[in-house]
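Me: I'd like to learn how to read a structure like this one, feature by feature. Can you walk me through it?

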Amino acid sequence: MKGDLRVLGIESTAHTFSAALVSEKKGLICDVRDIYTPPEGSGIHPAEASIHHTTVATKVVREAIDTSGLSWADVDAVAYAMGPGLGPCLRVGAVTARTLALSLGKPLVPVNHAVGHIELGCLLTGATSPLVLLISGGHTMVVSYSSGMWRVLGETLDLTLGQLLDQLGRYAGWASPCGRRVEEAASRSHRYLRLPYTVKGNDVSFSGILTAAKRLTDAGEPFDDVCFSVQETAFATTVEVTERALAFTGNKELMVVGGVAANKRLSEMLSTMVARHSTKFYAVPLRYSGDCGAQIAWTGLLAYRSGVSIAVGDSVVRQSWRLDTVPLPWRNDA
Ligand code: AMP
Ligand code: MG
């Protein structure tokens, strides 16, 4: 392999269609996105989102190449998010990546989206082998690296944190994603309304919180107070299972990644907790907390450098592809 590998990555697992370029020497070169927004009060409709992705794909990829200062000939491999995600959306990214790989005569590299969040987080924060809290629209998991894979030490049994906040916001008539608006509403309140707090073993459950929050809203409680109470309750359960995992592993690094990592109140609660364990806290920079091509391009580079690629004919998409089944040949066992 040549001195400075450069990889183009395509992300399309849910609402975001994004293309990014990374290089072994420079790290992240550019990341271009176009995000599908559903109508007010609605969640992501997979077919509608895939039509959005199809419409913007060429423009986004071209803009990525144009802003990178590179030419097509500089691209050594094309990485795509193989899963997990929404089937129709994943297929648009896969078709785009296959087309590019075939026309450029370059290898195609499959990437697990969740692994992508973690590897990009490590690149951008400098964490090396952290305990990871992955909190997004698709995931709520505490994971730790051991013997070649990320191992799950706690996860949600039903809704993810992102789904909880999005479904709460949609109940008030907002369009997904609603996390930022829920955070703004919560910041205007300090009145706690009692909600179910559910930790089972080291797993969390959020569906009871959502049902109770909807009932409180229907009963006329101010929505700001409902948002505040949902955040306090759901974040406290998340911090509790993260702290238990930290005590168990003794890890000296905690990194939080995924779209919900943008939430300031959660960061504050996590920072307070890690201070009790002499552990360093890393939060992925705001711009890269949510879905983006950079997570696919960077993980694609790590994977390709370790010999991972896939024949175009085998490059299916995997709507369900658990993080703890993905081999990580680029991570050496300690
Ligand atoms: P991802 O799936 O990684 O793109 O993350 C998207 C999720 O992050 C959605 O569920 C958003 O509502 C959520 N999100 C984005 N910003 C915030 C925020 N400031 N606070 C809480 N959740 C957020
Ligand atoms: Mg994500």
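Reply: Happy to. Keep in mind that this is a predicted model. Let's begin with the domains: the assignment gives domain 1 as 6-118 + 289-325 and domain 2 as 129-286. Notice that domain 1 is written as two stretches of chain.

Me: How far apart are the C-alpha centres of domain 1 and domain 2?

Reply: The two C-alpha centres are separated by 27 Å. Next, look at what touches: 17 residues of domain 1 make contact with 24 residues of domain 2.

Me: And how much area do domain 1 and domain 2 bury between them?

Reply: About 1,700 Å², with 63% of it on carbon and sulfur atoms. On the domain 1 side, the residues that lose the most area to domain 2 are Ile 118, Ser 289 and Leu 323, which together make up 38% of what that side buries.

Me: Now the metal. Which residues are the protein donors of the magnesium ion (ligand 2)?

Reply: For a metal site, list the donor atoms, then see where they come from in sequence. Here the donors are NE2 of His 113, NE2 of His 117 and OD of Asp 291, at 2.1 to 2.3 Å from the ion. Their spacing in sequence reads H-x3-H-x173-D.

Me: Why are His 113 and His 117 separated by about one helical turn?

Reply: Because they are four residues apart in helix α3 (residues 113-125). Both histidines are also out of the way of solvent by the numbers: His 113 is buried at 5% relative accessible area, and His 117 is buried at 3%.

Me: There's another histidine, His 139. Is His 139 buried or exposed?

Reply: Compare the relative accessibility with the cut-off: under 20% means buried. His 139 has 10%, so it counts as buried. You'll find His 139 in the loop between β6 (131-135) and β7 (140-146). Setting aside neighbours within four places in sequence, His 139 contacts Pro 84, Ala 114, Leu 134 and Thr 160.

Me: What about a residue with an in-between value, like Pro 88?

Reply: Pro 88 has 29% relative accessibility, so it counts as partly exposed. Pro 88 belongs to helix α2 (residues 87-104), and beyond its close sequence neighbours (within four places) it is in contact with Pro 46 and Ser 50.

Me: On to aromatics. How many aromatic pairs are there?

Reply: The count is two. To classify a pair, check the angle between the planes: over 60 degrees counts as edge-to-face. The ring planes of Tyr 145 and Trp 150 are at 75° with centres 5.8 Å apart, so that pair is edge-to-face. Tyr 145 is buried at 13% relative accessibility, and Trp 150 is buried at 0%. The rings of Trp 174 and Phe 223 have centres 5.5 Å apart and planes at 85°, so they are edge-to-face as well. This pair links distant parts of the chain, 49 residues apart: Trp 174 is in the loop between α4 (161-171) and α5 (179-187), and Phe 223 is in helix α7 (residues 223-249). Trp 174 and Phe 223 are both buried.

Me: Which residue has its charged end over the ring of Tyr 145?

Reply: That's Arg 331, whose charged end is 5.9 Å from the ring centre.

Me: Where does Ser 147 lie, and what is its phi?

Reply: Ser 147 is in the loop between β7 and β8 (149-155), with a positive phi of about 45°. Ser 147 is exposed at 53%. Ser 278 also has a positive phi, near 45°; it lies in the loop between α8 (264-275) and β12 (280-283) and is exposed at 61% relative accessibility.

Key: Residues are numbered from 1 along each chain as its sequence is written. Chains are lettered from A and ligands numbered from 1 in the order in which they are written. This is a predicted model: local features need pLDDT of at least 70, side-chain atom pairs count only at pLDDT 80 or more; totals for chains, interfaces and linings use all residues. Side-chain values use heavy atoms; hydrogens and water are left out. Donors are N, O and S atoms within 2.8 Å of the metal (3.2 Å for Na, K and Ca); water is not among the atoms, so sites may look incomplete. Helices (H or I, at least four residues) and strands (E, at least two) are DSSP runs, numbered from the N terminus. Buried means under 20% relative accessible area, exposed over 50%, partly exposed in between (1.4 Å probe, protein chains only). Rings of Phe, Tyr and Trp (its six-membered ring) pair if their centres lie within 6.5 Å; planes under 30 degrees apart count as stacked, over 60 as edge-to-face and the rest as tilted. A charge sits over a ring if NZ of Lys or CZ of Arg is within 6 Å of the ring centre and within 35 degrees of the ring normal. Domain bounds come from an automatic or database domain assignment. Contact means heavy atoms within 4.5 Å. Buried area is the accessible area (1.4 Å probe) that two parts lose on being put together, summed over both.
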